[in-house]
Structure formats: structure tokens, C-alpha cells
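Here are my notes on this one, written for someone new to reading structures. Have a look at the picture, then go through the points in order.

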Amino acid sequence: MEKTYLMIKPDGVQRGLIGRIVARLEDKGFKLVAAKLIRVTEEQAKRHYAEHEGKDFFPELVAFITSGPVFAMVWEGDDVVALSRMLIGKTKVGEALPGTIRGDFASHTPLNLIHGSDSPESAQREIANFFAPDELTEYNKDIAIWT
Ligand code: GDP
Ligand code: MG
């Protein structure tokens with residue numbers, strides 16, 4: 001089953017949106033397999049955002065993601081990487097459509113509330129950056145026998 005790494009960023013935690021964001025992911029039918037409230041270290045932040053290293057906003061991005069607690073999660077589902085990015089919405093708040101998490105709750109770029117892996121390969125790398133293998137739970141939902 002495909003996995004993705006989703007992370008409610010410091011702005012989402014500060015604004016008290018953990019519950020409402022998690023509810024949307026549960027509503028969609030994805031399966032939560034790991035979650036924890038953590039403080040991202042500078043090393044983790046730089047690894048997580050390595051693709052943006054060298055860009056002018058990189059130092060600000062690392063400073064922001066390490067500025068306060070984040071809610072780190074692993075979710076499972078068919079095509080969960082692409083489908084969760086659809087629920088999350090576009091990066092820039094001006095492009096994030098209403099109905100998406102960013103479209104409904106974010107009003108200032110780059111404070112866009114939540115991170116989602118952009119490919120299954122990124123997801124594997126990002127999950128390993130934040131979770132030990134034994135932190136991922138395995139369980140079945142009875143409904144899954146019909147899917
Ligand atoms: P995402 O995958 O939709 O989160 O977007 P990206 O991978 O392109 O960028 C990662 C994160 O960096 C975004 O979610 C923003 O928080 C931040 N970011 C992206 N572009 C910019 C920018 O031009 N300026 C600033 N300050 N932050 C940015
Ligand atoms: Mg990205």
C-alpha cells in the first residue's frame with residue numbers, strides 16, 4: 001500500500017488546525033499509520049527541503065519549519081501521494097482553490113499550513129527522515145477487503 005509523509009507546519013499547529021486537517025484526511029478514507037508532535041531539527045529540515053537548497057528562500061524555509069512544533073504523520077492509501085496533494089492544494093495561496101486545505105485555511109504565502117510528499121520516492125525518503133521503522137503501525141480496516 002502506498003504511503004505518504006504529511007506534516008502540519010508550525011503555522012497550522014499555532015492556529016489550532018491539527019484536528020480539522022486530520023479530519024479531512026480521515027474523511028477522504030486514508031489510513032493513518034503514524035503521527036507525532038515534534039520539533040524539527042536543523043539537520044532534518046535541511047534534508048527534508050534539500051531540493052530547495054541554494055534558492056533565496058531556503059534559509060527562511062529552514063528557520064520557519066524549525067521555529068515551533070509540527071505534527072508529523074504517515075498516511076496510507078491507493079494513490080495517497082497524488083490524492084493527498086489534491087486535498088492540500090497548490091503551494092501559493094493565490095492558486096490554492098477553495099475546497100482544498102490551503103485554499104480554505106491559508107491566506108499568506110508561504111504560510112501554507114501543510115507539507116505533502118510529491119512522489120512515492122520522496123515519501124520514502126521523508127518518512128525515513130522523521131520516523132523510525134518501528135513507529136509505523138500495521139493494521140487492517142475491515143472495509144479494505146472490498147477495495
Ligand atoms: P509544496 O510541495 O507545495 O509544499 O511546495 P515546494 O516544494 O515548491 O516548496 C516547499 C515550501 O517552501 C512551500 O510549501 C513553501 O512553504 C515554501 N516556498 C516555496 N516557494 C517559496 C517562495 O518563493 N518563497 C518562500 N518564502 N517560500 C516558498
Ligand atoms: Mg514540495
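**Notes on the model**

1. Helices here are DSSP runs of H or I with at least four residues, strands are runs of E with at least two, and both are numbered from the N terminus.

2. Some ground rules. This is a predicted model, in which local features need pLDDT of at least 70, side-chain atom pairs count only at pLDDT 80 or more, and totals for chains, interfaces and linings use all residues. Residues are numbered from 1 along each chain as its sequence is written, while chains are lettered from A and ligands numbered from 1 in the order in which they are written.

3. Which residues of helix 5 are buried? In helix 5, residues 80-88, they are Val 80, Val 81, Ser 84 and Ile 88. They sit on the same side of the helix because they cover an arc of only 95 degrees around its axis (the arc is that of the directions from the helix axis to the C-beta atoms). An α-helix has 3.6 residues a turn, so residues three or four places apart point the same way. As for "buried", that takes 20 or more other C-beta atoms within 10 Å of a residue's own; 12 or fewer makes it exposed, anything in between partly exposed, and the C-beta atoms are placed from the backbone.

4. What covers that buried side? The cover includes strand 1 (3-8), helix 2 (18-28), strand 3, helix 6 (101-105), strand 4 (114-116) and helix 7 (120-130). Contact means C-beta atoms, placed from the backbone, within 7 Å.

5. Zooming out, the protein chain has 7 helices and 4 strands, in the order β-α-α-β-α-α-β-α-α-β-α along the sequence. Its radius of gyration is 15 Å, close to the 15 Å the globule rule gives for 147 residues, so the chain is as compact as a globular protein of that length. (That radius is taken over C-alpha atoms, and the rule is 2.2 Å times the number of residues to the power 0.38.) Buried residues make up 29% of the 147.

6. Now the ligand. Around ligand 1 you'll find Phe 57, Glu 60, Leu 61, Thr 91, Pro 110, Asn 112, His 115 and Asp 118, where near means a C-beta atom, placed from the backbone, within 6 Å. Phe 57, in the loop between helix 3 (42-48) and helix 4, counts as exposed because it has 11 C-beta neighbours inside 10 Å. Thr 91 lies in the loop between helix 5 and helix 6 and, with 14 such neighbours, counts as partly exposed. Pro 110 is joined to Thr 109 by a cis peptide bond, with omega about 5 degrees.

7. Asp 79 is not a glycine, yet its phi is positive, about 55 degrees; Leu 113 is another non-glycine with positive phi, near 75 degrees. Are they buried or exposed? Asp 79 is exposed, having 11 other C-beta atoms within 10 Å, whereas Leu 113 counts as buried with 23 C-beta neighbours inside 10 Å. Asp 79 sits in the loop between strand 3 and helix 5, and Leu 113 in the loop between helix 6 and strand 4.

Technical notes
Two residues are in contact if their C-beta atoms, placed from the backbone, lie within 7 Å.
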